[in-house]
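Please read it alongside the sequence and coordinates shown below.

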Amino acid sequence: MPPPPGTDPRSHGLWAMTAPPAPETAPLSGEARADIAVVGAGYTGLSAALRLAEAGARVVVLEAAGIGSGGAGRNVGLVNAGLWVMPDDIVATLGAEKGEGLLALLGGAPAEVFALVARHAIACEATPNGTLHCAVGRAGQAEIEARAAQWQARGAPVRLLDADAARVAIGGGTYRGALLDERAGTIQPLAYARGLARAAMAAGAVLHTASPVRAAEETAGGWRLRTDGGTLAADRIIVASDAYSFGPWERLAREQVPLPYFNFATPPVPERLRTRILPGRQGIWDTRQVLTSLRYDAAGRLVFGSIGALGALAGVHEAFSRRALARLFPELPPAPFEAAWYGTIGMTDDALPRFRRLARNVVSISGYNGRGIGPGTVFGRLMADVVLGRSRAEDVPLPEREVAVPRWRAAQAAFYAAGSAAAHVVGERGMG
């Protein structure tokens with residue numbers, strides 16, 4: 001179970017330092033009753049809770065630690081459209097109906113995020129200025145050209161920048177080009193989670209933190225969930241704990257390979273440089289397998305991220321991050337990082353999310369593969385509609401599959417961690 005935001009400086013870092021306070025909550029105590037129980041207070045669970053409460057349902061959210069304690073509160077904060085998988089490959093895998101449905105749903109996810117932010121006045125540094133996917137080498141250029149063509153064929157507002165235009169948009173680097181996605185943007189991820197929680201509670205949802213679900217028992221009238229301090233009876237359940245699942249639904253986490261991702265935050269960039277370094281305030285990431293990402297926060301800090309955990313090899317990743325930033329922006333004054341933090345991305349074997357009816361009146365969605373903000377928001381809303389009967393489970397644009405734990409899960413996780421460290425030790429040319 002991850003620590004609540006703010007209790008461990010390496011769990012949520014800058015986001016815990018700068019997010020508005022979370023709404024007041026308390027652990028579940030005694031016996032409670034709900035129409036619908038939501039397990040997990042990340043983007044999916046909070047989006048579902050908001051939708052359910054606005055529909056008039058009695059909804060109770062049970063969160064093991066704190067609001068946004070998992071990936072929702074510690075990610076980079078890029079609000080991207082779609083998934084890592086190429087659009088045409090998604091259609092080839094899922095078929096035309098579900099594939100195009102998934103692309104339409106996730107292509108519109110950033111707009112839904114920013115609309116929720118505006119409607120509920122969520123103070124989360126929302127910057128809907130687009131993102132830049134930067135091409136490293138010929139293979140990277142071919143990748144963004146194919147991605148651009150496939151999205152443009154579906155009417156998406158994406159366009160290619162050549163090397164010179166990419167250098168101007170970024171303020172440095174030697175990328176071969178970049179794909180500008182005007183649907184996308186950035187947010188302060190923990191602030192967004194806390195804002196969703198506040199909106200859901202204002203609509204009538206009840207949220208209990210420090211309430212890990214230890215057991216789930218089916219009863220004649222529905223379900224009974226047991227936490228350390230109490231029990232909750234509910235007719236239906238949405239399991240939204242994703243890669244941080246444990247207890248009754250531990251297998252939802254175990255079927256994903258954990259991939260660590262770290263972030264470092266610089267001091268605020270001097271004003272004189274902000275007109276040249278990322279002047280359009282887009283978030284960026286590159287096409288490398290051991291990818292790197294970069295974006296501003298509202299105060300002008302640069303947030304630099306890549307694959308790796310900040311444990312024993314924290315010094316390796318920090319040194320790499322400093323070299324990469326210095327190579328990309330030589331004019332940036334050297335200074336100690338203000339914050340460092342990391343979390344876990346859950347990777348499925350085909351990089352697609354998983355929708356499941358786990359039991360009678362129990363549904364789940366998981367496996368965002370590092371794309372949790374937009375997908376979590378729209379799938380939370382869709383799960384709410386399914387349990388409310390507004391949508392059919394058959395209409396969810398994902399196939400239903402049995403939970404399957406990868407045979408070599410531990411070995412794959414160790415490979416990712418060691419491989420990222422090795423790449424950073426040898427000085428892989430980070431940001432362009």
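In this predicted model, Glu-54 has a relative accessibility of 42% and therefore counts as partly exposed, while Arg-119, at 52%, counts as exposed. These two residues form a salt bridge in which the closest N and O atoms are 3.1 Å apart. Because Glu-54 belongs to helix 2 (residues 43-54) and Arg-119 to helix 5 (residues 109-119), the pair ties together parts that lie 65 residues apart in sequence.

**Salt bridges**

- Side chains of opposite charge can pair when their charged atoms come close.
- The count for the model comes to 26 salt bridges.
- Asp-88 and Arg-154 form one of the salt bridges, with 3.1 Å between the closest N and O atoms; since Asp-88 is in helix 3 (residues 87-94) and Arg-154 sits in the loop between helix 6 and strand 5 (158-162), this pair ties together parts that are 66 residues apart in sequence.
- Both partners of that bridge fall between the cut-offs of 20% and 50%, so that Asp-88, at 38% relative accessibility, counts as partly exposed, and Arg-154, with a relative accessible area of 29%, is partly exposed.
- Glu-271 forms a salt bridge with Arg-274, where the closest N and O atoms are 3.5 Å apart, and because the two residues are three apart in helix 10 (residues 271-274), about one helical turn separates them.

- What does a search of the whole structure find in the way of cavities of 30 Å³ or more? The search finds one such cavity, and the largest cavity has a volume of about 130 Å³.
- The largest cavity is lined by 14 residues, of which Ala-81, Arg-147, Asp-181, Trp-285 and Arg-371 are the closest to its centre.
- At least two lining residues of the largest cavity come from each of strand 4 (131-135), helix 6 (137-152) and strand 6 (177-181).
- Sorted by class, the lining of the largest cavity consists of seven nonpolar, three polar and four charged residues.

Note on methods. Residues numbered from 1 in each chain as written. Predicted model: local features only at pLDDT ≥ 70, side-chain atom pairs only at ≥ 80, totals over all residues. Heavy atoms only, no water. 1 Å grid on protein atoms, 1.4 Å probe; cavity = no way out; pocket = protein on both sides within 12 Å on 5 of 7 lines; lining within 4 Å. Points joined across faces, edges and corners; volume = space filled by probe spheres on them. Helix = DSSP H or I, 4+ residues; strand = E, 2+ residues; numbered from the N terminus. Nonpolar A, V, L, I, M, F, W, Y, C, P; charged D, E, K, R; others polar. Salt bridge = Lys/Arg side-chain N within 4 Å of Asp/Glu carboxyl O. Buried < 20%, exposed > 50% of the residue type's maximum accessible area, 1.4 Å probe, protein only.
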